[in-house]
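Student: Can we walk through a structure together? I'd like to talk about charged pairs and then a helix.
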Amino acid sequence: MVKFMDGEADSTTILVSDGCGPLLVDTLGQLKPLRQRVFEYVRAQSSAARSDISRALEISPGSATTLTADLIRAGLLREMAETERDQTRGRPRVALEIVPDAGFVIGIKLGDGVHTAVLADFSGAMVSNASMTVSRAVRPVTQMLDDVEALMTLLLEKAGRGMEHVRGIGIGMAGLIDHTHGLVRWSPLLEARDQPFGAAAETRFARPVVLENDANMLTLAELWFGSGRAKSDFAVVTIENGVGMGLVLNNELYRGSFGMGLELGHTKVQMEGALCRCGQRGCLEAYISDYALVREGATALNLSLDQNVNARAVLETLFKEASAGNPAAEKIFKRAGRFLALGLSNVVHLFDPALIILSGKRMTYDFMYAGEVLTDVQQLTLSRGQMPCQVEIHPHADLDWARGATARALAQVTDMMFTAEAAG
């Protein structure tokens with residue numbers, strides 16, 4: 001059963017302002033065609049004068065003029081008047097900005113019960129969004145693509161656009177994702193392993209499709225639109241029905257070699273411990289995820305765990321009981337908090353990020369995310385009693401995850417566009 005919802009009701013914490021995209025230059029960025037670097041610089045800054053481009057990219061004023069003229073003729077940039085005056089010439093500077101209607105991309109988060117989609121223009125601004133509820137049962141790829149098609153149809157209808165305006169699609173889902181080949185090695189949403197989801201989606205929709213682990217998509221949202229734009233190294237830890245992690249190193253998203261990197265939720269914290277939904281025991285996810293808390297909470301509250309149980313209601317009741325001083329409920333959250341601290345200390349020791357962002361819809365459960373969690377992290381790291389990195393809590397909505405998918409699609413479409421021009 002599929003039920004459509006108004007996406008506007010799903011508030012988002014990441015907003016486009018002052019451009020979109022990483023503000024720092026990565027090592028791979030230096031290898032891109034110069035026209036692409038100019039285009040991406042303008043998009044990141046929201047607007048930029050030719051003199052700004054010349055200084056930032058260390059090219060001559062003449063080269064900046066020639067390159068931007070090419071991009072204007074291609075319909076990718078346009079001029080806009082700025083009120084600020086050029087101090088050397090005493091006349092208003094002419095700034096450049098992205099032409100928003102030059103192209104559109106769709107970003108999708110496939111979730112356990114809810115799918116969310118965002119339509120973004122070429123400047124990265126969100127044009128439309130839509131969500132729909134779906135069965136929580138695992139499904140084959142063909143049925144999942146049916147859901148995606150229905151969701152995109154609703155999304156485009158709300159925007160008054162057609163599929164002919166879409167230049168690329170980004171899709172994020174939980175699981176082990178081989179982004180290079182578009183393969184889903186394993187996902188709790190699909191009924192079989194090693195599925196060629198990306199190729200099947202490209203065949204169905206006749207558009208380039210990029211596939212990513214959903215935690216990576218949320219990390220891209222922070223890198224393109226949020227707190228990570230000016231950070232060279234940061235991590236995002238997601239705690240919902242599963243536990244995921246995304247990592248940016250040297251201003252680039254790190255994925256690993258085979259799609260199994262950064263699966264923080266499936267790192268082992270106790271041998272032969274609690275059963276994880278991946279089929280193994282002792283995973284961190286089996287102690288701090290939503291379903292782990294529901295499993296513990298149902299026991300503490302003497303509830304049966306049948307298919308009709310409302311997981312969100314169990315969590316809310318468990319939190320109310322803990323807030324009221326129920327010792328069994330308190331113990332569940334505190335135990336989960338200790339395991340979270342263990343996981344975060346491992347992140348610190350392995351990657352030493354400047355920032356860790358904790359994300360999830362239910363970050364309000366302060367019994368689990370209270371100050372003692374950070375104290376435990378300090379005690380578990382070689383930081384001499386001081387917090388080794390900044391920790392922020394961002395209770396992201398589903399729209400934020402889908403916004404990250406638009407960033408991935410924008411990056412892919414931009415690379416393809418300028419690579420094709422360079423080859424031609």
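Tutor: Start with Glu-285, which counts as buried at 2% relative accessibility. Buried means under 20% relative accessible area, exposed over 50%, and partly exposed in between, with a 1.4 Å probe and protein chains only.

Student: What does Glu-285 form a salt bridge with?
Tutor: Its partner is Arg-277, and the closest N and O atoms are 2.9 Å apart. Arg-277 is partly exposed, at 32% relative accessibility. A salt bridge here is a side-chain nitrogen of Lys or Arg within 4 Å of a carboxyl oxygen of Asp or Glu.

Student: Before we go on, what am I looking at?
Tutor: This is a predicted model, where local features need pLDDT of at least 70, side-chain atom pairs count only at pLDDT 80 or more, and totals for chains, interfaces and linings use all residues. Residues are numbered from 1 along each chain as its sequence is written, and side-chain values use heavy atoms, leaving out hydrogens and water.

Student: How many salt bridges in the whole structure?
Tutor: The search finds 18. One of them pairs Arg-204 with Glu-149, with 2.7 Å between the closest N and O atoms. That pair links distant parts of the chain, 55 residues apart: Arg-204 sits in helix H5 (residues 197–205) and Glu-149 in helix H4 (residues 141–159). Helices (H or I, at least four residues) and strands (E, at least two) are DSSP runs, numbered from the N terminus.

Student: OK, back to H5. Which of its residues are buried?
Tutor: Phe-197, Gly-198, Ala-201 and Phe-205. They span an arc of only 95 degrees around the axis, so they lie on the same side of H5. The arc is taken from the directions from the helix axis to the C-beta atoms.

Student: Why would residues spaced along a helix point the same way?
Tutor: An α-helix has 3.6 residues a turn, so residues three or four places apart point the same way.

Student: What covers the buried residues of H5?
Tutor: The cover includes H4, strand S5 (104–110), strand S8 (166–173), strand S10 (183–186) and strand S11 (209–213). Contact means heavy atoms within 4.5 Å.

Student: And what comes just after H5?
Tutor: Ala-206, which takes a positive phi of about 55 degrees.
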